[in-house]
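Trainee: Hi, could you walk me through this one? I'd like to get my bearings before I look closely.

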Amino acid sequence: MIKSYTSKVTPFGGIHLIHKRLSSEGVFQFIDNELGSRVSTVGFRYSDIFLSRIYTAFCGGNATEDINYIRENTLQPLKGITIPSPDTILRGDLELATQCTFLETGSGKENKININPVMNKFLVRSAVKFKQINPGDTNLVYDFDHQFVPAEK
């Protein structure tokens, strides 16, 4: 008699290697230490939310709701992370969001800007931790990007 073994083969098996590497580098603790405790009392950490979003994108997802399929078919066996529902991910986004500010230019035009000190600090510290920037470099310029909305004129 031949024994039958079942295994879940996924085209995104490389995500398990990425997850293992991020775990060994202390990424989960770094995210949670930088962003602190969640406002919500639900048992998901910011690292769960961030990495679930990143893993979803790596596995071809392009909407928050794609996490449902990817969680069931690829991410379930990952250790050290709990994959939240799309609703929990979106609540986490709102917890970290800031209100927009409106600034009036000299010509009277109103510009909407969004300054998020918590996320700005987190992104810079992430870039330093992962050796994307050298904090000793005196020529660093932190810039912002404009969003252009095409219009027919």
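Mentor: Happy to; when I say helix I mean a DSSP run of H or I with at least four residues, a strand is an E run of at least two, and both are numbered from the N terminus. This is a predicted model, with local features needing pLDDT of at least 70 and side-chain atom pairs pLDDT 80 or more, while totals for chains, interfaces and linings use all residues. Residues are numbered from 1 along each chain as its sequence is written, and side-chain values use heavy atoms, without hydrogens or water.

Trainee: Great. How many helices and strands does the protein have?

Mentor: There are six helices and two strands in the protein. Read from the N terminus, the order is α-α-α-α-α-β-β-α.

Trainee: And what share of the residues is buried?

Mentor: Of the 153 residues in the protein, 28% are buried; that means under 20% relative accessible area, with exposed being over 50% and partly exposed in between, for a 1.4 Å probe and protein chains only.

Trainee: What about contacts between residues 24 or more positions apart?

Mentor: Such pairs supply 52% of the contacts with a separation of 6 or more, a contact being heavy atoms within 4.5 Å.

Trainee: Let's do the helix packing. At what angle do helix 2 and helix 3 pack?

Mentor: Helix 2 (residues 27–35) packs on helix 3 (residues 46–58) at about 125°, and their axes are 8 Å apart. That makes helix 2 oblique to helix 3. The classes are roughly parallel under 35 degrees, roughly antiparallel over 145, roughly perpendicular from 65 to 115, and oblique for the rest. Axes are lines fitted to C-alpha atoms, for helices over the stretch in contact, with angles from 0 to 180 degrees between N-to-C directions.

Trainee: Which residues meet there?

Mentor: From helix 2 you have Phe28, Ile31, Asp32 and Leu35, and they meet Tyr46, Ser47, Phe50, Leu51 and Tyr55 of helix 3. By class, the contact of helix 2 with helix 3 has seven nonpolar residues, one polar and one charged. Nonpolar covers Ala, Val, Leu, Ile, Met, Phe, Trp, Tyr, Cys and Pro, charged covers Asp, Glu, Lys and Arg, and the others, Gly among them, are polar.

Trainee: Where is Asn33 in all this, and is Asn33 buried or exposed?

Mentor: Asn33 belongs to helix 2. Asn33 counts as exposed because its relative accessibility is 64%. From C-alpha to C-alpha, Asn33 and Ser47 are 9.6 Å apart in space, while 14 residues apart in sequence.

Trainee: How do the axes of helix 2 and helix 6 cross?

Mentor: Helix 2 and helix 6 (residues 117–129) have axes that come within 10 Å and cross at roughly 150°. So helix 2 is roughly antiparallel to helix 6. On the helix 2 side are Phe30, Ile31, Glu34 and Leu35, and they meet Val118, Met119, Phe122, Arg125, Ser126 and Lys129 of helix 6. This contact of helix 2 with helix 6 splits into six nonpolar, one polar and three charged residues.

Trainee: Nice. What happens after helix 6, around Lys131?

Mentor: Lys131 sits in the segment after helix 6. Its phi is near 55°, a positive value in a residue other than glycine. Most residues other than glycine have a negative phi. With 72% relative accessibility, Lys131 counts as exposed.

Trainee: Back to helix 3. What angle does helix 3 make with helix 5?

Mentor: About 115°, with the axes of helix 3 and helix 5 10 Å apart. That makes helix 3 roughly perpendicular to helix 5. Helix 3 brings Tyr46, Ile49, Phe50, Ser52 and Arg53, and helix 5 brings Thr88, Ile89, Leu90, Gly92, Asp93, Glu95 and Leu96. The contact of helix 3 with helix 5 holds six nonpolar, three polar and three charged residues.

Trainee: I spotted Thr88. Buried or exposed?

Mentor: Thr88, in helix 5 (residues 86–96), is buried, with a relative accessible area of 4%. Neighbours within four places in sequence aside, Thr88 contacts Arg38, Phe44 and Ile49. Ser40 is 48 residues from Thr88 along the chain, yet their C-alpha atoms are separated by 9.3 Å.

Trainee: Last one: which residues does Arg71 contact?

Mentor: Arg71 is in helix 4 (residues 67–75). Beyond neighbours within four places in sequence, Arg71 touches Gln76, Ile83, Pro84 and Ser85.
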